Amino acid sequence: MIEVRNAFKHYGEQVILEKLNITIQSGEFITMVGPSGCGKSTFLKMILGTEKPSKGEVILNGNPIPNEPSSDVGVVFQQYSVFSHLTVLDNLLIVGRFKRNKTLGFFSRQSKRAFTEKASLLLQKVGLKQVLNKYPHELSGGMRQRLAIAQALLGEPKILLLDEPFGALDPGTRNDMHKLVLELWRELGITVLMVTHDLKEGFYLGTRLWVFDKANHHNIDKHQGSTITYDLPIGNASPELYQELDDKIQPVETLTRLENVR
Ligand SMILES: Nc1ncnc2c1ncn2[C@@H]1O[C@H](COP(=O)(O)OP(=O)(O)OP(=O)(O)O)[C@@H](O)[C@H]1O
Ligand SMILES: [Mg+2]
């Protein structure tokens with residue numbers, strides 16, 4: 001589904017990513033960890049199409065990724081990206097209106113009704129059925145991320161990009177969000193690429209875990225970028241193992257001996 005061929009990304013003199021060679025099959029759930037600033041978000045932006053590789057290629061279903069984000073790809077960021085002056089339902093309807101304006105002009109009354117129905121169903125699916133008419137400031141952090149996920153899924157994307165979507169949530173809420181994401185992934189058959197700082201989360205959710213890092217940790221040369229130093233098939237951990245991992249896994253910033261965890 002996605003193929004990255006010898007891709008590099010520079011900003012000016014600074015090399016961020018280098019020599020990325022990756023194939024992603026449809027339906028995979030890839031979790032990504034790595035030190036702050038190593039280029040994980042930049043990598044997601046290359047899949048989204050808002051950044052181009054400086055060298056090499058990123059191919060989606062046989063074609064180069066288009067310059068503008070397409071409806072094939074949905075995205076959720078850590079920072080709440082919903083519109084604060086709109087209700088939960090209107091936050092979804094406005095996304096539909098943007099899309100329509102580009103291609104078909106304004107909503108007809110009929111298509112608006114059909115769209116409202118679709119949006120309501122999706123909000124039900126992510127657990128926001130009871131709060132359709134509330135404003136984001138009236139929601140908890142977890143609920144706002146549920147709304148952001150619903151927005152991202154509205155265009156029926158085949159690929160969902162999640163950039164530390166649960167980093168700001170407390171552990172209980174985060175567990176609920178894990179359930180939701182796994183449910184959506186299984187039910188919709190989408191491909192998920194998720195950045196996390198929480199290695200335990202990465203092991204629990206993913207079918208494959210990538211570690212982004214410089215090939216030589218100690219190298220502070222700006223001409224050396226990060227690459228994928230580990231590509232581990234993991235096959236979603238069970239809830240029991242998830243508990244057990246607590247004792248074994250250190251925060252990723254101090255991670256040095258990943259092999260011991262496997
Ligand atoms: N538009 C830009 N112009 C110049 N440099 C940039 C730009 N975007 C990102 N960078 C630089 O690229 C590097 C990688 O940034 P990126 O946001 O991808 O890191 P990250 O791995 O997502 O970090 P974090 O875990 O903190 O989110 C950083 O050094 C950042 O300063
Ligand atoms: Mg980032």
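## Aromatic cluster

Phe-43, Trp-210 and Phe-212 are joined into a cluster by ring pairs. The model is predicted. It holds 4 aromatic pairs.

Phe-29 and Trp-185 make one of these pairs, in edge-to-face geometry. Their ring centres are 5.5 Å apart, with 70 degrees between the planes. This pair links distant parts of the chain. Phe-29 belongs to strand β3 (residues 29-33) and Trp-185 to helix α5 (residues 171-188), 156 residues apart. Phe-29 counts as buried because its relative accessibility is 0%. Trp-185, at 11%, also counts as buried.

## A lysine over a ring

Lys-55 sits over the face of Phe-8. The distance to the ring centre is 4.2 Å.

## Around ligand 1

The shell around ligand 1 has 13 residues. Ser-36, Gly-37, Lys-40, Ser-41 and Thr-42 come nearest. By class, the shell has 7 polar, 4 nonpolar and 2 charged residues.

Ser-36 places a polar side-chain atom 2.5 Å from one oxygen atom. Gly-39 uses a backbone N or O atom, at 2.9 Å from an oxygen atom. A polar side-chain atom of His-197 lies 3.5 Å from an oxygen atom. On its own, ligand 1 has 640 Å² of accessible area, and the protein covers 62% of that. Elements β2 (14-24) and α1 (40-48) each give two or more residues to the shell. The most come from α1, with 3 residues.

Conventions
Residues numbered from 1 in each chain as written. Chains lettered and ligands numbered in written order. Predicted model: local features only at pLDDT ≥ 70, side-chain atom pairs only at ≥ 80, totals over all residues. Heavy atoms only, no water. Phe/Tyr/Trp six-rings, centres within 6.5 Å; stacked < 30°, edge-to-face > 60°. Helix = DSSP H or I, 4+ residues; strand = E, 2+ residues; numbered from the N terminus. Buried < 20%, exposed > 50% of the residue type's maximum accessible area, 1.4 Å probe, protein only. Lys NZ or Arg CZ within 6 Å of the ring centre and 35° of its normal. Near = heavy atom within 4 Å. Polar contact = N/O pair within 3.5 Å; in protein donor to acceptor, adjacent residues only side chain to side chain. Areas by Shrake-Rupley, 256 points an atom, 1.4 Å probe, with all protein chains shown as cover. Nonpolar A, V, L, I, M, F, W, Y, C, P; charged D, E, K, R; others polar.
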